Amino acid sequence: MPRPLILHHSSGRCPIYIEAGALGRLADFLQPFLRSAGNVIVLTDRRVAALYGMILCKALARGKSTAPPVIVISPGERSKSLATAQAVYRSLLNAGATRG
């Protein structure tokens, strides 16, 4: 695995991996987090889903019987609304998301 760039920000820090084919290896990068979190739910907008959704879901489904649930919202500023947040929360609950 390549050495990450570390982004330092006001809330802490996070690793950034830049590598050809990294999206297809996302499950490898997420392994330390998946062990404690369990399941994954993908939240994305329609444009990003069209470009990368299939690759991402295949990568996350590797070694599992099913792909993760995907919640798709409209792109752009109009989606930054309470109605969209409510729809996302409802979708998360329907997908079995918990705080733990």
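A salt bridge here is a side-chain nitrogen of Lys or Arg within 4 Å of a carboxyl oxygen of Asp or Glu. By that rule the count comes to 2 salt bridges. Before I go through them, a word on the model.

This is a predicted model, in which local features need pLDDT of at least 70 and side-chain atom pairs count only at pLDDT 80 or more, while totals for chains, interfaces and linings use all residues. Residues are numbered from 1 along each chain as its sequence is written, and side-chain values use heavy atoms, with hydrogens and water left out.

First, the overall layout. The protein chain has 3 helices and 4 strands; helices (H or I, at least four residues) and strands (E, at least two) are DSSP runs, numbered from the N terminus. Along the sequence the order is β-β-α-β-α-β-α. The C-alpha atoms fill a box of roughly 40 × 35 × 30 Å, taken along the principal axes.

For contacts, the rule is heavy atoms within 4.5 Å. Among the contacts in the protein chain with a separation of 6 or more, 56% are between residues 24 or more positions apart.

Next, the surface. Accessible areas come from the Shrake-Rupley method with a 1.4 Å probe, and for residues only the protein chains shown count as cover. The protein chain exposes about 7800 Å², and carbon and sulfur atoms supply 58% of that area. Buried means under 20% relative accessible area, exposed means over 50%, and partly exposed is in between (1.4 Å probe, protein chains only). Of the 100 residues of the protein chain, 19% count as buried.

Now the β1 and β2 pair. Two strands pair if DSSP finds at least two bridges between them. Strand β1 (residues 5-9) and strand β2 (residues 12-16) pair in the antiparallel sense over 5 bridges. The two form a hairpin with 2 residues between them, and I6 stands opposite P15 in β2.

Side chains of opposite charge can pair when their charged atoms come close. R25 is partly exposed, because its relative accessibility is 24%, and E19 is partly exposed at 28%. The other joins E77 and K80, with the closest N and O atoms 2.9 Å apart. Here E77 is exposed, with a relative accessible area of 59%, and K80 is exposed as well, at 63%.

S79 lies in the loop between β4 (70-73) and α3 (82-94). Is S79 buried or exposed? S79 counts as buried, because its relative accessibility is 10%. Leaving aside neighbours within four places in sequence, S79 is in contact with I73, S74 and T84.

There is also a nonpolar patch on the surface, made of L23, V48, L51, Y52 and I55, with about 440 Å² of accessible area together. Patches are made of residues with over 30% relative accessible area and no salt bridge; like charges are joined within 9 Å, and nonpolar side chains (Val, Leu, Ile, Met, Phe, Trp, Tyr) within 5 Å. V48 sits in helix α2 (residues 46-61) and is partly exposed at 37% relative accessibility.

Last, the cysteines. With a disulfide taken as a pair of cysteine sulfur atoms within 2.5 Å, the count comes to 0 disulfides. C14 is partly exposed at 28% relative accessibility, whereas C57 is buried, with a relative accessible area of 14%.
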